[in-house]
Each structure stands twice: as structure tokens, then as C-alpha cells.
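Please look over the sequence and the model shown below.

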Amino acid sequence: MIRFLLHSAFFLDNLILIDPHDGGSIGLPRPEVKASLILITHNHYDHNAYEIIPHETVKLKYYGEFTYKNYTIKGIKAYHDKEKGKRRGETAIYKITSPNGKTYVHLGDLGHLLDEKSVDELKNPDYLMIPVGGVITINPSEAIQLIKALNPKVVFPMHYWVKGHYMPLDPIEPFLQLANTEGIKIIQINKPEVNEETIEKGSVVYFNIY
């Protein structure tokens with residue numbers, strides 16, 4: 001089960017929470033979950049609100065590999081900008097492999113296209129969570145380039161503006177329009193969670209929930 005908690009926050013299998021925000025500081029509803037493991041890609045206020053979430057373990061901007069309750073998590077260093085972090089710092093990319101072999105890649109606040117080594121480490125995931133709102137991350141065009149390079153089965157766009165959001169990001173529509181132009185099927189989900197087994201492969205899943 002994949003649950004989208006807005007912005008960049010995803011909850012996997014009611015166990016692993018990635019990049020929780022606190023709701024109020026960015027103008028969105030507060031996540032109301034309990035997590036075993038919290039993964040934080042970088043220490044910015046809209047991604048690091050682990051204190052408000054009941055949890056067992058936290059990993060902040062973790063680089064390397066570890067196992068947690070039969071999940072394998074690999075953290076890979078990337079940057080929040082195109083200047084190797086000089087403007088906005090580093091961000092971790094997390095590749096998570098579940099006990100049943102499904103792979104999830106969360107790109108954090110990626111601000112640049114990936115080099116060949118990183119693409120090789122991350123390519124062909126089952127599920128890709130990718131920022132598409134530009135301004136302080138990759139833009140829609142760059143997101144499409146990465147989707148083609150990484151070849152995920154399913155894409156979950158994140159880190160874009162929605163009504164009420166305080167952050168000056170671009171909305172999701174330009175990305176959806178580009179994806180449609182590229183022949184990628186858009187699936188709209190009108191609830192915050194989806195069962196992976198029901199998702200059509202080769203699609204972008206857009207959670208139309210706020």
C-alpha cells in the first residue's frame with residue numbers, strides 16, 4: 001500500500017514514512033500516521049517533521065545501505081541544485097526494496113539530472129516518486145527526462161503546488177501535460193492511498209486529493 005500525505009511525504013505499507021512535513025508550516029493538512037521507520041532526504045522544514053510522528057527509528061540524509069524489518073534501504077547522495085549543493089545543500093535519494101522484491105525510489109528534492117552511475121543504481125524501479133514542481137527542484141521537462149532514463153513501472157509526482165500551499169512551487173498541470181504529450185497514461189486517484197497491485201504499469205498516478 002502506498003499512501004500520499006501531500007508534498008513529498010509517502011507512507012509505504014503502513015511501516016516506512018518518507019519526508020514528513022508538519023502541515024501547518026506549509027499550509028497543508030498535518031500527516032496523521034504512526035510509522036516504524038522514518039526516512040528524511042534532507043534537513044529542510046518541509047521534509048523533516050519526524051518529531052510529530054510516533055515512530056521507532058529515524059534516518060536523516062542517510063548514505064549507505066541497511067536492512068529494516070526485511071526491507072533493504074539504500075541512500076544515495078544527490079544535490080538540491082545544479083551547483084553540487086552550493087545553493088541548497090545535499091539531498092538523499094532512497095531506494096527501498098520490500099520483502100516481496102518490489103522497489104521504490106524516492107528522489108527527494110533533487111535539483112539536477114542524474115549521472116550515469118546514479119541512473120544505473122536506480123533504474124527500472126517498480127515505483128518512482130519524483131519532484132515535478134520546479135523552482136527549487138527539477139522542472140517538468142527534467143522530470144520527464146529522468147523518467148525516461150530510469151524506466152519505472154509507475155510514477156508518483158510530488159513536490160508541486162496545490163491550493164493553500166505556502167511554497168512558491170509550480171502546479172502539477174505542466175508536468176501532466178508533458179507526460180500526456182509523451183504518451184504516458186495519467187491515472188487520477190481521488191483518495192490518498194492506492195494498492196500497488198491495482199496500478200496499471202507504465203502510468204503516472206496523480207492523487208487528486210486536495
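How much space lies in the second largest pocket? The answer is about 170 Å³. This is a predicted model, in which local features need pLDDT of at least 70 and side-chain atom pairs count only at pLDDT 80 or more, while totals for chains, interfaces and linings use all residues. Residues are numbered from 1 along each chain as its sequence is written, and side-chain values use heavy atoms, with hydrogens and water left out.

Rolling a probe the size of a water molecule over the atoms shows where empty space is left. The search uses a 1 Å grid over the protein atoms alone: a cavity is a set of points where a 1.4 Å probe fits but cannot get out, and a pocket is an open set with protein on both sides within 12 Å along at least five of seven lines. Lining residues have an atom within 4 Å of a point. Grid points are joined across faces, edges and corners, and a volume is the space filled by probe spheres set on the points.

The lining of the second largest pocket includes Arg3, Phe4, Leu5 and Leu6, as well as Pro192, Ile209 and Tyr210. By class, this lining has 8 nonpolar, no polar and 3 charged residues (Ala, Val, Leu, Ile, Met, Phe, Trp, Tyr, Cys and Pro count as nonpolar, Asp, Glu, Lys and Arg as charged, and the others, Gly among them, as polar).

The largest pocket has a volume of about 240 Å³. It is lined by 15 residues, of which Lys77, Tyr79, His112, Asp115 and Ser118 are the closest to its centre. The largest share, 4 residues, comes from β7. The lining divides into 6 nonpolar, 2 polar and 7 charged residues.

The whole structure has 1 cavity of 30 Å³ or more.

Rings of Phe, Tyr and Trp (its six-membered ring) pair if their centres lie within 6.5 Å; planes under 30 degrees apart count as stacked, over 60 as edge-to-face and the rest as tilted. By this rule there are 7 aromatic pairs. Phe4 and Phe207 form a tilted one, 5.5 Å centre to centre with 35° between the planes. Phe4 is in strand β1 (residues 2-4) and Phe207 in strand β14 (residues 203-207), 203 residues apart. Both are buried (under 20% relative accessible area; exposed is over 50%, partly exposed in between, with a 1.4 Å probe and protein chains only).

Strand β7 also holds Gly75, which is buried at a relative accessible area of 7%. Gly75 touches Tyr62, Tyr63, Gly64, Ile93 and Tyr94, not counting residues up to four places away in sequence (contact means heavy atoms within 4.5 Å).

The loop between β6 (64-68) and β7 contains Lys69. Asn70 is found in the loop between β6 and β7. Most residues other than glycine have a negative phi. Phi is near 50° for Lys69 and near 70° for Asn70, a positive value in each case. Lys69 is partly exposed at 44% relative accessibility, whereas Asn70 is exposed at 60%.

Conventions:
Helix = DSSP H or I, 4+ residues; strand = E, 2+ residues; numbered from the N terminus.
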